[in-house]
Amino acid sequence: MEPVKAPAPLVIISSSPYIHCGSTISAAMRDVLLSLLPALAAAVYFFGWPALSVILTCCLSAVICEALCQKLMQRPITVGDGSALLTGLLLAFCLPPELSLGLAAFGSFCAVVIGKQVFGGLGSNIFNPAHLGRAILLASFPAQMTTWTMPWNTAAAEAVTKATPYTDAVSSATPLAALRLAESAWQRGLNVDLPSLSALFWGNVGGSLGETCVPALLLGGIYLLWRGHIDWRIPAGYIGTVVVITAIYGWLREYPTWFAIYHLLSGGLIIGAFFMATDWVTSPITKKGRLIYALGLGILTALIRLRGGYVEGVCYSILIMNMVTPLIDRYVTNVPFGGGARHE
Amino acid sequence: MFSRLHTFIGGTHIDAAKNLTAELPIEAIPAPEKVVLPLSMHIGAPAKPLVQPGEKVYLGQKIAEAQGAVSSNIHASVSGMVVGSERRFLPNGTVAACMVIKNDGQDTLDPTITPRESGLVLPPDEIRQLLAEKGIVGMGGATFPTHVKYAPQSSGRIIDTVILNGIECEPFITADYRILIEHADEVIRGLKYFLKASLANKGIIAIEDNKPRAIELFNQLTADDPNISVVVCPEKYPQGSERHLIYAVTGRVVPERALPSAVGVIVDNVATAMQAALAVKDDLPCYERIVTVSGNAVHKPGNYRVRIGTLYSHLVEQGAQGLKNDPARIISGGPMMGFSLHSLDFPVLKGTGGLLLFDHQSELAKLPPENPCVRCGKCVDTCPMFLEPTQLFKAVKRRDWPAALAGHVGTCIECGSCAYNCPAHIPLVQYIRMGKQFILTDGFGGHNPYYKK
């Protein structure tokens, strides 16, 4: 017998409103992916094919992991919304350029499955999935995760090598690591060569493959601001706090005046402030809440960078503030227009 | 000199889509064979019928009388015979007793109706009396009885400003715009009566900046009156909301759960002002109104003058020249806050500003699936009441009424800005609306009248 099909509705009844601005989650994800293209191009330009293979591995494995996981959990498969692809790309951007592809794929698995799907999928995760994936990799494979390669331009690499005479130049050759060593040198009255500010700005330094080129990241960040996908309070508050704290710290210790600028341009601060901390799911929903969140991020990052065991603190500060987000949302609420007398 | 921008915080920019009907003059459509007049087309108690089936009535004759403090009189909108009374669903989903009058086609006006030379010589009491007697209610859609607003405040508070709401921020609807253009004199006259009735000395006509012709016209007409001015508000939804209009125009904030009179302001729609002018000077009751019929499923969108109680089917046939396509979405009111209907068998009420019909191809006839909330905060940023719709909808979904109340769910004006902007297509305001009803009915749910506790 033919199954009886429900007839198409003649007239649709629903509750207002009946119009919509037309935005969708997948369109927003597309915009964020688009905004990361300049940084992707810069990564490939500076670090070559190995970087591209890490990026492709991460993206592909993120999408596959999400699809498999959803199939196993018997949930609708939603890889089409682009969020897994975005997670994979963002994860790749905070990995060393010549990481083995197996580890990259494992990172993607952690990001998508442990970072997102086990919590219930898109919208339910507590932590930024990409940063969670990176944190798991860093804790599990510290040696591989801190083996940096230099961009093809060796002049900058040599500068770093000169600055780091006491350690293996290759394993700690990020500008922040160099800065840490330079700090101890300054305290002993020595002077050292560091990668120049312009090399830092353009991204011609060692580091995670997507975090080094500041103009490419700024371009993407401004695009996201213009499209209204991110709130300026988070990047401005975050970067501002880091700059203010490092400037005061540098001034108290009589470091060179560009100390704060160095912190601003190096490491994952720019990519973290524009692309990671602004993640919708894991940041507060009110404007006031976002400012507090950004302030917390800045303080934590500056603390870790200046006084912590790690030279870089963006990843952990974002993960820590992700945990604080529900608390902020609970206690930092808006006062309704017209007062705020509690309803009985 | 520094001049304040006459707007509010939050809200959203919506394509007004008014060009279908904005420049079409008001057209009167012939009175229907029968009219259906609900005894409850205002906020407050239903009116008590004064006529029985079989009785003959004049056009404009009072057929039902206000009951209690907040209520309104109902008048016959055609002359003819009362043929019955029936219970009917109204567009908002409530059920009301209705009087059905068969039109004799004569339009014999009630002989007691006697126009005055001038309404301005009347004392405030008498103007209020006339507003009550002639069944004037807020015609912007809320249908609050107008005379109640103008009654002396029990708190003794003095009203200093009357604002006429000519914003009309709902897309597609142009009825108020046509009233501004074609009935400017009546609107200003109505405002003068309102000023007199409230003893206020400042009258303001607020118009959104997407209506330059109306702004120019009213600037000219009010140039020599020191008490009346025009305020231009930038186009933004929901500028027409009473609280937001008061804030935009005067900078005053109406406290939560208080009425505008708490800050010395009364707001009335321009259509109400026009009707008040007719009531006070010409002694005419509220028996017709201007309705915009629009959308891509009708042949002739336009602005039509119809008798109250005309069925939508007659309005579409006679005014809009019938249906072009099968309608898939029928909306009584605007697309942001109107009610969707399953048929055209509903009467035009005092608060009906628009009737929109869209076919299956239209975006308005689509119901995209709801996705999980990604906490983007767009609803929070856009909420003109500074609420957190995403938290409220989650509270309603898990039936956590204390959490919904702690989030000020009752403060929501149901403008729909949150749902309009949600990238996950979550019906946010719909959940909130449902939650409010659940709370009102102590967890029983729905505003269907059959679900009484």
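Chain A is divided into domain 1 (25-145) and domain 2 (154-331), with bounds that come from an automatic or database domain assignment. The model is predicted, and local features need pLDDT of at least 70, side-chain atom pairs count only at pLDDT 80 or more, and totals for chains, interfaces and linings use all residues. Residues are numbered from 1 along each chain as its sequence is written, while chains are lettered from A and ligands numbered from 1 in the order in which they are written.

Taken over C-alpha atoms, the centres of domain 1 of chain A and domain 2 of chain A are separated by 21 Å. To their contact, domain 1 of chain A contributes 32 residues and domain 2 of chain A contributes 28 residues, two residues being in contact if their C-beta atoms, placed from the backbone, lie within 7 Å. On the side of domain 1 of chain A that touches domain 2 of chain A, the elements giving two or more residues are α1, α2 (37-72), α3 and α5 (129-140) of chain A, where helices are DSSP runs (H or I, at least four residues) numbered from the N terminus. The most is given by α2(A), with ten residues.

Within chain A, helix α1 (residues 25-35) and helix α3 (residues 83-93) pack at an angle of about 25°, with their axes 9 Å apart; axes are lines fitted to C-alpha atoms over the stretch in contact, and angles run from 0 to 180 degrees between N-to-C directions. That makes α1(A) roughly parallel to α3(A), a term for angles under 35 degrees. In this pairing, Met29(A), Val32(A) and Leu33(A) of α1(A) meet Ser83(A), Leu85(A), Leu86(A) and Leu89(A) of α3(A).

Notes: Angles under 35 degrees count as roughly parallel, over 145 as roughly antiparallel, 65 to 115 as roughly perpendicular and the rest as oblique.
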